[in-house]
Amino acid sequence: FSGRYLNFFSNHPFSQKRGVVTGLVDKVLFLSHPKFQQKNMESLINSLLCNGYPLQMLFKTIQDRITKLSKNNFETINNMDQNFDLELTKKTNYFIIPFLKRTSNKFNGILKKYNLQPVYKPLNSLNKFITLGKDKISKDDHSGVVYKIDCKGCNHTYVGQTKRKLKIRLKEHINDIKKPVEALSVISNHRISNGHVMDWENTEILDFEQSFFKRSISEMIYIKMHTDTLNKQSDTDRFPDVYLPLLKQ
């Protein structure tokens, strides 16, 4: 046993606290060897006492559970099958409501009239207090992206895609200007011809997609959606013109 369970004084319905005890009792009876059941039951009671459960409540719940399990052992196989079939034919409708002490229980009588079983939902959850321990991935470390680079000197933009980390692709764009003139990219040509500087730091990720085919389609769509792009016409040759009216909506 871990020793940490739903505290008896927490804002949860009594039925859930009784269910905690019942579930732990079943573990002792069904999962441990009879030789160790008494020791495990004592350990269970001590753990629940440390979590605020009253001793009288524990004894009564344990006794009720053992009594119920003992009665079930005397049922015949036929009766068990019949009860199982009846359970399958029954349809229970559940009604979820937030649990408020001394308030939510008042709905029980009303819900029974409409054949509804109340399910209580706590107002607080661990997700509100415990965040994921994983570090956030920085923008430049994302891979499989469609990205957009703006020019600081005019309204032109460049839309591209890469399967590698974005920072690696941006470094290639920046160093491309060192190539021979005939091998320069459209970005480098724009930088040299106009003396403009690209806004590398504020590169925007437009889409995330690991599939090359889907990523290429996404790239073409974003190129078509931007009017002042530096991209070559050949970058969107495979994009059917029939879809252009949809992009303008």
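Is Asp150 buried, partly exposed or exposed? Asp150 is partly exposed, at a relative accessible area of 27%. Here, buried stands for under 20% relative accessible area, exposed for over 50%, and partly exposed for anything in between (1.4 Å probe, protein chains only).

## About the model

This is a predicted model, in which local features need pLDDT of at least 70, side-chain atom pairs count only at pLDDT 80 or more, and totals for chains, interfaces and linings use all residues. Residues are numbered from 1 along each chain as its sequence is written, and side-chain values use heavy atoms, leaving out hydrogens and water.

## Salt bridges

The whole structure holds eight salt bridges; the term means a side-chain nitrogen of Lys or Arg within 4 Å of a carboxyl oxygen of Asp or Glu.

One of them brings Asp141 and Lys167 together, with 2.9 Å from N to O. This pair links distant parts of the chain, 26 residues apart: Asp141 lies in the loop between strand E2 (116–121) and strand E3 (143–150), and Lys167 sits in helix H6 (residues 166–175). Helices (H or I, at least four residues) and strands (E, at least two) are DSSP runs, numbered from the N terminus. Asp141 is partly exposed at 26%, and Lys167 is partly exposed at 41%.

## Two further pairs and a network

Let us return to Asp150. Its salt-bridge partner is Lys148, at 2.9 Å from N to O, and Lys148 is buried at 9% relative accessibility.

Asp176 and Lys179 also form a salt bridge, their closest N and O atoms lying 3.1 Å apart. Asp176 is buried at 6%, whereas Lys179 is partly exposed at 44%. Elsewhere, shared partners join Lys148, Asp150 and Glu204 into one salt-bridge network.
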